[in-house]
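Q: I have a structure to go through and would like a short tour. Can you walk me through the ligand site and a couple of residues?

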Amino acid sequence: MRVTLFGASGLLGQELVHELSGNGKSGEQLTALSVEDADLRDHGRVRDVIRDSRPDWILLSAAYTDVDGCESNRDLAFAVNCEGAVNVAEAAREAGSRLMFLSTDYIFDGSKGSPYQTSDPRSPTSVYGESKARAEERLLNILPEVCIARTSWLFGHGGKCFPATILKLAATRPEISVVNDQRGSPTFTCDLASALVELCRASARGIVHVTNSGNCTWYEFAAEIVREAGLPTAIKPVTTAEFPRPARRPAYSVLSPDSLHAYHIHMPEWQDALRRYLGSAPTASVVL
Ligand SMILES: NC(=O)c1ccc[n+]([C@@H]2O[C@H](COP(=O)([O-])OP(=O)(O)OC[C@H]3O[C@@H](n4cnc5c(N)ncnc54)[C@H](OP(=O)(O)O)[C@@H]3O)[C@@H](O)[C@H]2O)c1
């Protein structure tokens with residue numbers, strides 16, 4: 001399988017490089033691109049790199065992912081996350097390549113209260129979520145065979161993530177306040193990368209929800225992190241209202257795994273994923 005990856009330097013991108021380059025199990029022919037190689041906003045450059053690499057699959061992990069930053073940079077959010085994705089989809093169509101687009105639980109408003117199905121209507125509450133939701137719609141029109149992999153609450157080696165932040169804070173503070181009224185599914189980039197590659201091999205199409213199993217609030221996630229790490233730090237539950245942020249996040253954004261199970265792919269529980277994250281060294285020797 002020939003794969004071209006956009007966003008290779010990102011949290012998920014690094015794990016996809018590992019999974020696809022032979023350091024993992026698969027050993028596919030990989031072209032790994034960073035923003036310096038191809039900015040998604042540069043239609044001509046995007047078309048050239050796809051034409052030159054002639055991929056069977058394009059993995060589009062690149063995005064402007066600063067959820068709060070998107071609120072004050074709406075044009076940039078849409079230029080990268082929506083128009084940039086459209087550039088890739090058009091180039092994929094020209095080259096006859098399959099496209100897998102990474103999307104987010106933040107396309108939902110969180111009012112449902114039970115796991116979101118792939119058929120539930122999009123209802124984003126943030127600019128980031130809006131830009132991804134719009135991209136999903138545009139891509140499904142341009143490339144009916146596109147695979148949209150929605151995921152949530154990523155953590156992994158090689159970048160900023162929630163467990164790393166909690167561990168850093170726990171080293172200097174006796175108590176950390178964490179919101180207890182947003183519920184979702186933490187997802188280890190290592191498990192996600194391997195599921196995404198399996199989906200490519202299965203020639204997946206349409207919308208697929210790909211997260212670790214189970215769910216928790218950020219408070220419960222933080223409590224599990226310090227417990228597993230054996231730290232004495234107290235985690236204090238607080239409300240979102242006590243910690244206002246520029247972007248409104250969904251209160252409940254658990255994604256149903258039914259669409260993933262249809263491909264016979266089952267993800268480990270998030271607590272198991274967290275234990276493996278805490279016990280493993282950062283992914284080494286990723287050269288871009
Ligand atoms: N993180 C989460 O919790 C989460 C949850 C749900 C869905 N997702 C989605 O999953 C995907 C991977 O997320 P992630 O956490 O790995 O993101 P990330 O660490 O922020 O990585 C994003 C990547 O995109 C690149 N990029 C940014 N702007 C670009 C542009 N204009 N052209 C080309 N490349 C550009 C970045 O390059 P530089 O590093 O050089 O800027 C980086 O390599 C994203 O599509 C995201 O929306 C993430």
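Q: Which elements each supply at least two residues of the shell around the ligand?

A: Those are α1 (11-20), β4 (98-104) and α5 (127-142). Helices (H or I, at least four residues) and strands (E, at least two) are DSSP runs, numbered from the N terminus. This is a predicted model, where local features need pLDDT of at least 70, side-chain atom pairs count only at pLDDT 80 or more, and totals for chains, interfaces and linings use all residues. Residues are numbered from 1 along each chain as its sequence is written, and side-chain values use heavy atoms, with hydrogens and water left out.

Q: Which one gives the largest share?

A: β4, with three residues.

Q: How many residues surround the ligand?

A: There are 24, and S9, L11, L12, T65 and Y128 are the closest. A residue is near a molecule if one of its heavy atoms lies within 4 Å of it.

Q: How do the shell residues divide into nonpolar, polar and charged?

A: Twelve are nonpolar, nine polar and three charged. Ala, Val, Leu, Ile, Met, Phe, Trp, Tyr, Cys and Pro count as nonpolar, Asp, Glu, Lys and Arg as charged, and the others, Gly among them, as polar.

Q: What lies 2.8 Å from an oxygen atom of the ligand?

A: A polar side-chain atom of S9 does. A polar backbone atom of L12 is also 2.8 Å from an oxygen atom of the ligand. For L40, a polar backbone atom is 2.9 Å from a nitrogen atom of the ligand. The protein covers 78% of the 900 Å² of accessible area that the ligand has on its own (Shrake-Rupley method, 1.4 Å probe; for residues, only the protein chains shown count as cover).

Q: New topic: D191. Where is it found?

A: In helix α7 (residues 189-201).

Q: Buried or exposed?

A: D191 is buried, because its relative accessible area is 9% (buried means under 20%, exposed over 50%, partly exposed in between; 1.4 Å probe, protein chains only).

Q: What does the D191 side chain join in a polar contact?

A: The side chain of N212, at 3.0 Å. A polar contact is a pair of N or O atoms within 3.5 Å; within protein, one must be able to donate a hydrogen and the other to accept it, and residues adjacent in sequence count only if both atoms are side-chain atoms.

Q: And where is D181?

A: In the loop between β7 (175-179) and β8 (183-184). D181 counts as partly exposed, at 31% relative accessibility. Its side chain makes a polar contact of 2.5 Å with the side chain of T240.
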